[in-house]
Amino acid sequence: MKRFVLLAALVLGLSQQVSAIPPEWTNAFPPFRIAGNLYYVGSEDLAAYLIVTPQGNILINGNLASSPPQIRKSIEQLGFKFRDTKILLISHGHYDHAGGSAAIKRLTGAKYEVMDGDVPVVESGGRNDFQFAHDKTMWFPPAHVDRVLHDGDTVRLGGTVLTAHKTAGHTKGTTTWTMDVQDAGKRLHVVIVGSPNVLDSYKLVRNPTYPRIASDFQHQFTVLKALPCDIFLSAHGGNFDLKSFYRRVQNHDANPYPSQHDYQSFVADREAAFQANLKRQQASRK
């Protein structure tokens, strides 16, 4: 009887989650080559990235629990094999980026590598998240982490090197990924931002479940502003105007990439939003 109660609760939670999912999170988007060995394989807004190497491939983000078939189809449309995914990474441990991880691990045997602050969250499926532990609509299938990452760690495969920058705040282990790609004889610095967003429900002052949240956000912006960036990407396509980027790629523009200027403008906007939210909360505590 207990099993059926738990199953009913899970189904209810999933149905509530599905009803709240924006359509752009599940709408298909044409997969395409970004630059070098880096490809876009996500949806219209939930970004997923494939890095192709001679020793197998790296996938960043499993997205929603329902996303693996879409990601697989995109990978195969590009002419690659889903089962060649050797390493799975995420931007952060929320259901819209880590929800598909368990299925991808099961289907590909990929090694799951996650930043230290998000390991407990992804292994519990969001059930001990500092903000959403008691919100079943934010839960997702738990997945075992094979390697715990720390700030500055590198992920290496087939000659490709990614660096994990711990840019916590949005979650305790939000990760911004950087890598270099070679394209048309040039070396380009790629930045894939985890998330600098402060949700409306976040308590930035005297947060008992995340006392360091404000200082972590401040550290994140310091890190982001210091990163060199030739190609700006993010966990959400809307952050870097994916649709416009794709059109420029299709039009064979000489320099189609979301640029350093776009990147710095985005970071400045998110930092201003954080500072305004922090000041408002600090003032309300006086």
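Reply:

**Strands and their partners**

R156 has its bridge partner in β9: V161. Keep in mind that this is a predicted model, in which local features need pLDDT of at least 70, side-chain atom pairs count only at pLDDT 80 or more, and totals for chains, interfaces and linings use all residues. Residues are numbered from 1 along each chain as its sequence is written, and side-chain values use heavy atoms, with hydrogens and water left out.

Strands (E, at least two residues) and helices (H or I, at least four) are DSSP runs, numbered from the N terminus. Two strands pair if DSSP finds at least two bridges between them. β8 and β9 (residues 160–166) run antiparallel and are joined by four bridges. They belong to an open sheet of five strands. Its order is β8-β9-β10-β11-β12, and the pairing is mixed. β8 (154–157) and β12 (231–234) stand at the edges with a single partner strand each, so one side of each has no neighbour in the sheet.

Now look at L149. It sits in strand β7 (residues 147–149). L149 counts as buried because its relative accessibility is 0%; the cut-offs are under 20% relative accessible area for buried and over 50% for exposed, with partly exposed in between (1.4 Å probe, protein chains only). Leaving out residues up to four places away in sequence, L149 touches E113, V114, M115, D116, V155, A164 and W177. A contact here means heavy atoms within 4.5 Å. L149 and T175 are 26 residues apart in sequence, yet their C-alpha atoms are 9.7 Å apart in space.

D216 is in helix α6. At 13% relative accessibility, D216 also counts as buried. Apart from residues up to four places away in sequence, D216 touches A168, G169 and Y210.

**Aromatic pairs**

Rings of Phe, Tyr and Trp (its six-membered ring) pair if their centres lie within 6.5 Å; planes under 30 degrees apart count as stacked, over 60 as edge-to-face and the rest as tilted. The structure holds 17 aromatic pairs. In one of them, the rings of F29 and Y40 have centres 6.0 Å apart and planes at 80 degrees, so the pair is edge-to-face. F29 lies in the loop between α1 and β1 (32–35), and Y40 in strand β2 (residues 38–40), so this pair ties together parts that are 11 residues apart in sequence. Both F29 and Y40 are buried.

F130 and Y210 also form an edge-to-face pair, at 4.8 Å centre to centre and 70 degrees between the planes. F130 lies in the loop between α5 (119–124) and β7, while Y210 lies in the loop between β11 (186–193) and α6 (213–226), so the pair ties together parts that are 80 residues apart in sequence. F130 and Y210 are buried. Ring pairs also link a cluster: F29, F32, Y40, Y49, F245, Y246 and Y257.

**Around β3**

Y49 brings us to β3. Five of the five residues in β3 are buried. Y49, I51 and T53 point one way, and L50 and V52 the other way. β2 and β3 pair antiparallel over three bridges. A hairpin joins β3 to β4 through two residues.

**Helix α2**

Which strands and helix do the buried residues of α2 pack against? They pack against β3 (49–53), β4 (56–60), β5 (85–89) and α4 (101–108). In α2 (residues 68–77), the buried residues are P68, Q70, I71, S74 and I75. They cover an arc of only 160 degrees around the axis, which puts them on the same side of α2. The arc is that of the directions from the helix axis to the C-beta atoms. The face turned away from the buried side carries the exposed residues P69, K73 and Q77. Just after α2, G79 takes a positive phi of about 95 degrees.

pLDDT is the predictor's confidence in each residue, from 0 to 100. The chain averages 93, and 93% of the residues score at least 70. Confidence is highest in β4, at 99, and lowest in helix α1 (residues 2–19), at a mean of 37. Over residues 1–19, pLDDT stays under 50. For that stretch the model has nine contacts beyond four places in sequence.
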